[in-house]
Amino acid sequence: MRGLIMGAALACITFTLSAQLPAAIATDPPRDSIHPARMEVLHIPSGGVEINGVAYIAQGAGPHPVLLLLHGLPGNEKNVDVAQAVRRAGWDVVMFSYRGSWGSPGNFRFGQNLEDADAALEFLQDSATVRRLDLDPKRVVLAGHSMGGWVTVLTAAKHPEVLGAILISAADMGSIGGIPRAQAVRVMAGNMESLAGVTPESMADDLLNGADHWRFADAAPGLGRMPLLVLTANDGLAPAADALVKSVRSLGNTHVTTMHRPTDHGWSDSRIALESAIIRWLQGR
């Protein structure tokens with residue numbers, strides 16, 4: 001009897017939750033046996049090496065739009081649940097590890113992260129990649145969490161051809177590079193696991209050297225017409241994102257959507273809200 005009661009309660013919870021969510025999150029679609037969903041391991045040329053990547057390919061006949069999803073520093077939160085939910089919504093999702101991170105060859109450098117994002121966008125335009133991943137190279141959206149949000153901001157500003165950019169608790173690394181060196185060293189000391197060829201001191205110096213041209217404010221002029229989804233949390237980073245929103249709106253950008261949630265930097269208790277917001281926004285691209 002207790003099992004029946006628990007089962008009924010769980011069914012009720014599931015029904016209530018499903019009724020509140022986009023179908024792409026709440027239910028699995030019927031399997032397409034001709035064009036099934038699948039994964040592909042990627043090796044993306046960048047800086048003379050091939051960085052590690054993976055593609056979550058949507059089911060159904062393509063070509064599919066693409067979300068290029070960039071991880072943070074060092075990248076413990078990969079947002080794979082977001083990738084899976086977006087794939088269910090009909091998008092291919094491509095993720096990669098920057099040079100010197102998580103087994104990708106080379107040494108980690110902040111400036112190289114920007115180069116790697118450029119290389120990934122170029123990779124998505126290659127005819128062999130288009131055929132292999134069944135993607136639409138004209139429908140690419142950038143998204144990034146934390147440091148990945150910073151990479152997204154600076155990269156999108158140089159690539160007006162992308163359909164839009166999504167910032168998830170974006171960290172303005174240029175501004176972080178403006179803090180005292182000793183403080184920057186302490187911050188980097190807690191963020192260097194899974195990174196190759198670095199020390200806290202080298203990472204701090206890397207940021208300090210790039211601070212003058214790596215700030216959100218430097219990228220704002222390139223985002224005056226870029227559709228943006230800016231998602232912030234209670235992690236201390238919202239003011240920088242809010243300032244960016246204010247700046248691009250002052251430039252005439254009327255395609256900026258924002259959402260704030262009272263959650264932590266990893267959106268630990270708001271994952272479904274995060275996925276839902278991203279999918280709703282992508283549906284308009």
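**Exercise 1.** In this predicted model, state which strands helix H6 lies across.

Solution. Helix H6 covers residues 147-156. The strands it lies across are S3 (64-70), S5 (135-145) and S6 (164-168). Relative to S5, helix H6 runs at about 135°.

**Exercise 2.** Give the strand order of the open sheet, and explain why one side of strand S1 and of strand S8 is left without a neighbour in the sheet.

Solution. The sheet has eight strands in the order S1-S2-S4-S3-S5-S6-S7-S8, and the pairing is mixed. Strands S1 (38-46) and S8 (256-260) are at the edges; each has a single partner strand, so one of its sides lacks a neighbour in the sheet. From one strand to the next, the twist averages 20°.

**Exercise 3.** Describe how strands S7 and S8 pair, and find the bridge partner of Val-230.

Solution. Strand S7 spans residues 228-232 and pairs with S8 in the parallel sense, over five bridges. The partner of Val-230 in S8 is Thr-258.

**Exercise 4.** Decide whether His-64 is buried or exposed, and describe its surroundings.

Solution. His-64 is found in strand S3. Buried means under 20% relative accessible area. His-64 has 5% relative accessibility and therefore counts as buried. Leaving aside residues up to four places away in sequence, His-64 touches Ala-58, Gln-59, Gly-90, Asp-92, Asp-134, Leu-135 and Asp-136. A polar atom of the His-64 side chain lies 3.2 Å from the backbone oxygen of Ala-58. Gly-90, one of the residues touched, follows helix H3 and has a positive phi, near 100°.

**Exercise 5.** List buried residues of helix H3.

Solution. Helix H3 comprises residues 80-88. Val-82, Ala-83, Ala-85, Val-86 and Arg-87 are buried there.

Notes: Residues are numbered from 1 along each chain as its sequence is written. This is a predicted model: local features need pLDDT of at least 70, side-chain atom pairs count only at pLDDT 80 or more; totals for chains, interfaces and linings use all residues. Side-chain values use heavy atoms; hydrogens and water are left out. Two strands pair if DSSP finds at least two bridges between them. Helices (H or I, at least four residues) and strands (E, at least two) are DSSP runs, numbered from the N terminus. Axes are lines fitted to C-alpha atoms, for helices over the stretch in contact, and angles run from 0 to 180 degrees between N-to-C directions. Contact means heavy atoms within 4.5 Å. Buried means under 20% relative accessible area, exposed over 50%, partly exposed in between (1.4 Å probe, protein chains only). A polar contact is a pair of N or O atoms within 3.5 Å; within protein, one must be able to donate a hydrogen and the other to accept it, and residues adjacent in sequence count only if both atoms are side-chain atoms.
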